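Subject: A structure for you to look at

Hi there,

Here is the structure I promised to pass on to you.

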Amino acid sequence: MSAEIRVPIEHERDIVTARQRGRELAAANGFSSTDQTLVALAISEIARNIVSYAKRGEVMLLALEETGRRGIVVIARDEGPGIADPELAMKDGYSTAKSLGVGLPGAKRVMDEFKLETQLGKGTTVTMKKWVR
Amino acid sequence: MTVSDRQRSLQSSMHDMGLTEEAIERRKRIVGLEPADLGRIAAVKDVVARGAEEFMATFFEFLSKLDEARPLVTSHGLLDRARQLKKAHLAAMVQGEYGTRYVEQRLELAQLYARAGLEMLVFLGAFHHLLRAIGSAIMKQFERSPMEGFENFMSLQKVAFFDIGIIVDVLVMERERTIRQQEEAIRELSTPVLQVRDRMLLLPIIGVIDTHRARLITESLLRAIRANRAKVVVMDVTGVATIDSKVANHLLQTVTAARLMGALVIVTGLSSEVAQSLVALGIELSKINTVGDLQGGLEEAERVLGYRLLRNGDALPPPTMTEN
Ligand SMILES: Nc1ncnc2c1ncn2[C@@H]1O[C@H](COP(=O)(O)OP(=O)(O)O)[C@@H](O)[C@H]1O
Ligand SMILES: [Mg+2]
């Protein structure tokens, strides 16, 4: 089993590091260049949310190997304020920061699996997977 | 810096370096520091405490003879603090507690070395001298049972290697930080707005765009549009690997602001991967003019300005009559 990659997220440059690591991992595991870009984009959105809303957190990347398929999993964790209405947050255009509001729903669209777990006052964890096509 | 400021900044450095309690435990495992070592360390506690002044002198004397360590030994502020921390270090080394508090102290001293520009090699040399002095004192104490003395010293050496691990990481990280800052400075300088022709600007964007850089790009572009009374801007993003929603939004706003100032923006070099990913994200690109490559973009810009390209040998179009 390959080792996980952990990128602490606090500053904007950490977002860049996380998505570059994600792109490298995707490339090393046989993702097409389009899919590498989609993975990098999803990581960028989720890591940016950590910086914007939770101040700090962590992105963990791991290659997945199951019978017959390969992929990667991205787990972004923070102990920030959490999301009051996760269903609403997943809607396109919804933003409490007057930004585009496409980060969460967009990341969900570009990845194969997406799970948002959040608890008010406790934090947020986003788990996303994408499989090699 | 007040004490609580210092504490806060240390805590944030601990976080930056991923020095959680688990990570600290892992470091101990790696150097092989076990509960059995604690007893052996306790056995040399007094020797080390008694010789602390002398060991410290060995460390700083070694440094004072080296040119490379001059910034540390000639700055009184740094030197005094370093001595203070080193003394605390020698005391803590034999206390048997190597948790968060201990690591924070190591971190503070390491950051001071980094600030003084101390090279790793120089630090290792000084640390070696310090350990040798401690080792000799321990062996003298255990003259009658050298094997026991040696084992005690080896246990203490595990702590020393645990310390070195942290200090080396800090020095490496500080060096990387310096390099990153230099790169950032270069990148910021390298967002030139070029005037290609009268009223036509070229903005080549290379590398990583983060929101900070996007803001700089917006500012310098709008300034250049005003200064050159530009009508067309070609913004080339060839080689930009990722554009996320926040950066895309910045670029879209730049395009809109430029339009309000009377300049049309043509975006070139958007890779198909980036274009697809933006569409998947749900970002509306239809409002911006994109042209495949830079060459095509420049030609389009010339057309907008009313220039016409003629091949050599083509007949000149009839002149248009102007009144003046
Ligand atoms: N890690 C997080 N912690 C707290 N709130 C979050 C987090 N991620 C997203 N949110 C909330 O969900 C909303 C939608 O996020 P997103 O879809 O990325 O759009 P945007 O970031 O543009 O607002 C945000 O405005 C914010 O209120
Ligand atoms: Mg977002």
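The areas themselves come from the Shrake-Rupley method with a 1.4 Å probe, and for residues only the protein chains shown count as cover.

Before we go further, some notes on reading the model. This is a predicted model, in which local features need pLDDT of at least 70 and side-chain atom pairs count only at pLDDT 80 or more, while totals for chains, interfaces and linings use all residues. Residues are numbered from 1 along each chain as its sequence is written, chains are lettered from A and ligands numbered from 1 in the order in which they are written, and side-chain values use heavy atoms, leaving out hydrogens and water.

**Two arginines in loops**

Back to Arg229(B): this residue lies in the loop between helix H10 (211-228) and strand E3 of chain B. Helices (H or I, at least four residues) and strands (E, at least two) are DSSP runs, numbered from the N terminus. The phi of Arg229(B) is near 45°, a positive value in a residue other than glycine. Most residues other than glycine have a negative phi. Arg199(B) also has a positive phi, of about 70°, although it is not a glycine. You will find Arg199(B) in the loop between strand E1 (194-197) and strand E2 (200-204) of chain B. Arg199(B) counts as partly exposed, because its relative accessibility is 23%.

**Chain A and its ligand**

Now turn to chain A, which has 4 helices and 5 strands. Along the sequence they follow the pattern β-α-α-β-β-α-α-β-β. Of the 133 residues in chain A, 50% are buried.

What surrounds ligand 1? Its shell holds 18 residues, and the closest are Tyr53(A), Ser95(A), Thr96(A), Ser99(A) and Gly101(A); a residue is near a molecule if one of its heavy atoms lies within 4 Å of it. The shell divides into 9 nonpolar, 8 polar and 1 charged residues.

A polar side-chain atom of Asn49(A) lies 2.8 Å from an oxygen atom of ligand 1. A polar side-chain atom of Asp78(A) is 2.9 Å from a nitrogen atom of ligand 1. Gly101(A) uses a backbone N or O atom, which lies 2.8 Å from an oxygen atom of ligand 1. Taken alone, ligand 1 exposes 530 Å², and the protein buries 93% of that.

While you are in helix H4 of chain A, look for Leu104(A). Leu104(A) is buried, because its relative accessible area is 11%. Leu104(A) and Val126(A) are 22 residues apart in sequence, and their C-alpha atoms are 9.2 Å apart in space.

**Buried residues in chain B**

Asp236(B) is found in strand E3 (residues 232-236) of chain B and is buried, with a relative accessible area of 9%. Which side chains does the side chain of Asp236(B) make polar contacts with? One is Thr238(B), at 2.9 Å, and another is Thr268(B), at 2.7 Å. A polar contact is a pair of N or O atoms within 3.5 Å; within protein, one must be able to donate a hydrogen and the other to accept it, and residues adjacent in sequence count only if both atoms are side-chain atoms.

Val170(B) lies in helix H9 (residues 146-189) of chain B and counts as buried at 1% relative accessibility.

Best wishes

Note on methods: Nonpolar A, V, L, I, M, F, W, Y, C, P; charged D, E, K, R; others polar. Buried < 20%, exposed > 50% of the residue type's maximum accessible area, 1.4 Å probe, protein only.
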